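This briefing sets out selected features of one protein chain. It is arranged by topic for reading beside the structure.

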Amino acid sequence: MVEPATATQAAAPVMPQLKDELDIVIPTIRNLDFLEMWRPFFQPYHLIIVQDGDPSKTIKVPPGFDYELYNRNDINKILGPKASCISFKDSACRCFGYMVSKKKYIFTIDDDCFVAKDPSGKAVNALEQHIKNLLCPSTPFFFNTLYDPFREGADFVRGYPFSLREGVPTAVSHGLWLNIPDYDAPTQLVKPLERNTRFVDAVLTIPKGTLFPMCGMNLAFDRDLIGPAMYFGLMGDGQPIGRYDDMWAGWCIKVICDHLGLGVKTGLPYIYHSKASNPFVNLRKEYKGIFWQEEIIPFFQQAVLPKECTTVQKCYVELAKQVKEKLSKVDPYFDKLADAMVTWIKAWDELNPPTAGSVPNGKAA
């Protein structure tokens, strides 16, 4: 049986990396008691809490954390009419935190994710591993059979082209979960007792041209490189679909990373996912997406961005145009989503105007 680490196990002293360059974004509808377990790892960092649901409810945050909290009223005040692109009553609202952050890196985590233990029983500092992933290059153009060659104890294997060993900048680090797997509703229904107990000590680059189902509950990214594409779509209240927010963002960022020559890693770190969501509620949210994804995924597999798209913003607006042209026939929702994608970019640029000497998004410094 897999159990989360206790607060005592997680209390090893930590030398925080990127303390002034990273924000932790947490979407929530409840008090954040779970932060006590993460205190040894998170307390040195700034938190951006995005409160979903009723804005009159008070969210309690344990003392000692440096944070800012935004509710729906704040989002409406800051973005005005453009607030329509931010989902309501859905964890997709977290992407507002990405937009208002001024840091280079983002780590986002759900409030039902606890500290995991590795096979030796040691508490896993998920944030530390994400930082390692982001600060080391990715290798999307040629697969290394020892996985990440930049990890300690690994290297490029015989036959790996020397011309590709420099790698490319890593834009995204996608972590995994022990205990409750991230399953869709039909799989939850047929495997209600299944738990993930396998801790696989591996990090690998997702190859160019390969899509993946991104999960937003344990995710980090370089905001300077890919931030404007980390839009979690229109989900939740008033929308015909839910629980596809992170996957939509994942398909978009992968197409754009492939185009711009950036890397996406998956594997370590693990968190302990503590709570199974209701599969019947999930099915109601997902059922259209389950049909639609059979057309959405081929769309992304075939999407080509023109060479004139040299920044994330240009890529994303072009992708929105293609969504409107090719997916609106699947359902009118995609016409609305494409418009929201463009609104998101406009809002992002308003809150994040370029500064003198800054490097354009999508370009490594």
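Helix H7 is mostly covered, with 15 of its 16 residues buried. The model is a predicted one.

**Helix H7**
- H7 runs over residues 245–260 and spans 23 Å from its first C-alpha to its last, close to the 22 Å expected at 1.5 Å a residue.
- Gly261 follows H7 and has a positive phi, near 75 degrees.

**Salt bridges**
- The structure contains 17 salt bridges.
- One of them joins the side chains of Asp110 and Arg94, at 2.6 Å from N to O.
- This pair links distant parts of the chain, 16 residues apart: Asp110 is in the loop between strands E4 and E5, and Arg94 in the loop between helices H2 and H3.
- Asp110 counts as buried because its relative accessibility is 17%, and Arg94 likewise counts as buried, at 2%.
- Glu295 forms a salt bridge with Lys329, with the closest N and O atoms 3.7 Å apart.
- Here Glu295 belongs to helix H8, while Lys329 lies 34 residues away in the loop between helices H9 and H10.
- Glu295 is partly exposed, with a relative accessible area of 41%, whereas Lys329 counts as exposed at 66% relative accessibility.
- Lys104, Asp222 and Asp224 are linked in a salt-bridge network.

**Nonpolar surface patch**
- Leu189, Val190, Phe280, Leu283, Tyr287 and Phe291 make a nonpolar surface patch of about 640 Å².
- Helices H5 and H8 each supply at least two residues of the patch, and H8 gives the most, with 4 residues.
- Val190, in helix H5, counts as exposed because its relative accessibility is 64%.

Conventions. Residues are numbered from 1 along each chain as its sequence is written. This is a predicted model: local features need pLDDT of at least 70, side-chain atom pairs count only at pLDDT 80 or more; totals for chains, interfaces and linings use all residues. Side-chain values use heavy atoms; hydrogens and water are left out. Patches are made of residues with over 30% relative accessible area and no salt bridge: like charges are joined within 9 Å, nonpolar side chains (Val, Leu, Ile, Met, Phe, Trp, Tyr) within 5 Å. Accessible areas come from the Shrake-Rupley method with a 1.4 Å probe; for residues, only the protein chains shown count as cover. A salt bridge is a side-chain nitrogen of Lys or Arg within 4 Å of a carboxyl oxygen of Asp or Glu. Buried means under 20% relative accessible area, exposed over 50%, partly exposed in between (1.4 Å probe, protein chains only). The expected span of a helix is 1.5 Å times one less than its number of residues.
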